[in-house]
Amino acid sequence: MKISSAAKAFVAALAAGAATAVTAVQDQVVTSGETVTIVLAVLGALGITYAVPNRPRSDA
């Protein structure tokens with residue numbers, strides 16, 4: 001099964017954003033600093049995951 005780099009990056013960004021958001025809402029208040037952290041987590045995961053290529057399949 002081949003997964004494109006864009007799909008892989010989207011899933012990583014979704015996971016990073018969700019994990020950060022869950023942590024941010026533990027006190028039922030999301031501050032502006034927490035919002036910035038969520039956005040940076042999504043953008044960081046999106047960019048880094050998209051930039052790293054998938055490992056090539058081995059013949060063995």
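Mentor: Gladly. This is a predicted model. Start with the surface: Phe-10, Val-11 and Leu-14 form a nonpolar patch there, and together they have about 330 Å² of accessible area.

Trainee: What makes Phe-10, Val-11 and Leu-14 a patch?

Mentor: Patch members need over 30% relative accessible area and no salt bridge, and nonpolar side chains are joined within 5 Å. Phe-10, Val-11 and Leu-14 form such a nonpolar patch.

Trainee: Why is Phe-10 called exposed?

Mentor: The cut-off for exposed is over 50%. Phe-10 has 55% relative accessibility, so Phe-10 counts as exposed. Phe-10 is found in helix α1, residues 5-24.

Trainee: How many helices and strands does the chain have?

Mentor: Two helices and zero strands.

Trainee: How do you know that the chain is more spread out than a compact globule?

Mentor: Its radius of gyration is 15 Å. The globule rule gives 10 Å for 60 residues. The chain's value is well over that, so the chain is more spread out than a compact globule. The C-alpha trace spans about 50 × 15 × 15 Å along its principal axes.

Trainee: What share of the residues counts as buried?

Mentor: Buried means under 20% relative accessible area. Of the 60 residues, 13% count as buried.

Trainee: What stands out about the phi of Gln-28?

Mentor: Gln-28 has a positive phi of about 60°, although Gln-28 is not a glycine. Most residues other than glycine have a negative phi.

Trainee: Where is Gln-28, and why is Gln-28 called exposed?

Mentor: Gln-28 lies in the loop between α1 and α2 (32-51). Its relative accessibility is 70%, and the cut-off is over 50%, so Gln-28 counts as exposed.

Conventions
Residues numbered from 1 in each chain as written. Predicted model: local features only at pLDDT ≥ 70, side-chain atom pairs only at ≥ 80, totals over all residues. Heavy atoms only, no water. Patch = residues over 30% accessible without salt bridge, like charges linked within 9 Å, V, L, I, M, F, W, Y side chains within 5 Å. Areas by Shrake-Rupley, 256 points an atom, 1.4 Å probe, with all protein chains shown as cover. Salt bridge = Lys/Arg side-chain N within 4 Å of Asp/Glu carboxyl O. Helix = DSSP H or I, 4+ residues; strand = E, 2+ residues; numbered from the N terminus. Buried < 20%, exposed > 50% of the residue type's maximum accessible area, 1.4 Å probe, protein only. Rg over C-alpha atoms; globule rule 2.2 N^0.38 Å.
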